[in-house]
Amino acid sequence: MELNHHMESGTFSFPEALTYFPEPEEYRLGPEEYLKHIAEAKKAVRIPIIASINASVNNGQTMMGGWTQYVKLIQQAGADALELNIYYIPHQPDPAGR
């Protein structure tokens with residue numbers, strides 16, 4: 001409920017904000033399927049495979065949780081490089097911008 005609240009915050013004044021993020025059912029692959037996809041792509045082509053992962057930050061610090069272990073699995077699956085997207089979705093609209 002809290003995530004939903006923050007993801008829809010401000011959407012009443014900017015309706016297009018509802019389309020900023022994909023709906024959960026739009027994600028095509030889960031974590032295990034993604035690793036299999038990387039391994040299959042590595043076997044099928046002779047070009048570098050660049051995997052991608054999204055990681056979040058909390059209070060300016062990266063969340064050193066399960067995603068760091070998942071990166072190792074991505075490497076083991078055969079990825080030659082990794083695109084790392086670190087992002088932070090502010091969820092406290094009250095603090096000053098500075």
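Which residues does alanine 51 touch, not counting residues up to four places away in sequence? Alanine 51 touches Tyr34, Ile38, Ile74, Ala79, Ala81, Leu82 and Glu83. A contact here means heavy atoms within 4.5 Å. The model is predicted: local features need pLDDT of at least 70, side-chain atom pairs count only at pLDDT 80 or more, and totals for chains, interfaces and linings use all residues. Residues are numbered from 1 along each chain as its sequence is written, and side-chain values use heavy atoms, with hydrogens and water left out.

**Overall fold**
- The protein chain has three helices and three strands. Both are DSSP runs numbered from the N terminus: helices are H or I with at least four residues, strands are E with at least two.
- Along the sequence the pattern reads α-α-β-β-α-β.
- Among contacts with a separation of 6 or more, 67% join residues 24 or more positions apart.
- The chain exposes about 8300 Å², and carbon and sulfur atoms supply 56% of that area. Areas come from the Shrake-Rupley method with a 1.4 Å probe; for residues, only the protein chains shown count as cover.

**Burial and core**
- Buried residues make up 16% of the 98 residues. Buried means under 20% relative accessible area, exposed over 50%, and partly exposed in between (1.4 Å probe, protein chains only).
- The largest nonpolar core has 12 residues: Tyr34, Leu35, Ile38, Ile49, Ala51, Ile53, Ala55, Trp67, Tyr70, Ile74, Ala77 and Ala79.
- H2, strand S1 (50-58) and helix H3 (66-77) each supply at least two residues of this core. H3 gives the most, with four residues.
- A nonpolar core is a set of buried Ala, Val, Leu, Ile, Met, Phe, Trp, Tyr and Cys residues joined through side-chain atoms within 4.5 Å.

**Helix H2**
- H2 covers residues 31-44, 14 residues in total. Its span from first to last C-alpha is 20 Å, close to the 20 Å expected at 1.5 Å a residue. The expected span is 1.5 Å times one less than the number of residues.
- Tyr34, Leu35 and Ile38 are buried in H2. They sit on the same side of H2 because they cover an arc of only 100° around the axis. The arc is that of the directions from the helix axis to the C-beta atoms.
- An α-helix has 3.6 residues a turn, so residues three or four places apart point the same way.
- On the other side of H2, Glu32, Lys36, Glu40, Lys43 and Ala44 are exposed.

**Salt bridge**
- The count is one salt bridge, defined as a side-chain nitrogen of Lys or Arg within 4 Å of a carboxyl oxygen of Asp or Glu.
- The side chains of lysine 42 and aspartate 80 form this bridge (2.8 Å, N to O).
- The pair links distant parts of the chain, 38 residues apart: lysine 42 in H2, aspartate 80 in the loop between H3 and strand S3 (81-87).
- Lysine 42 is partly exposed at 33% relative accessible area. Aspartate 80 is partly exposed at 44%.
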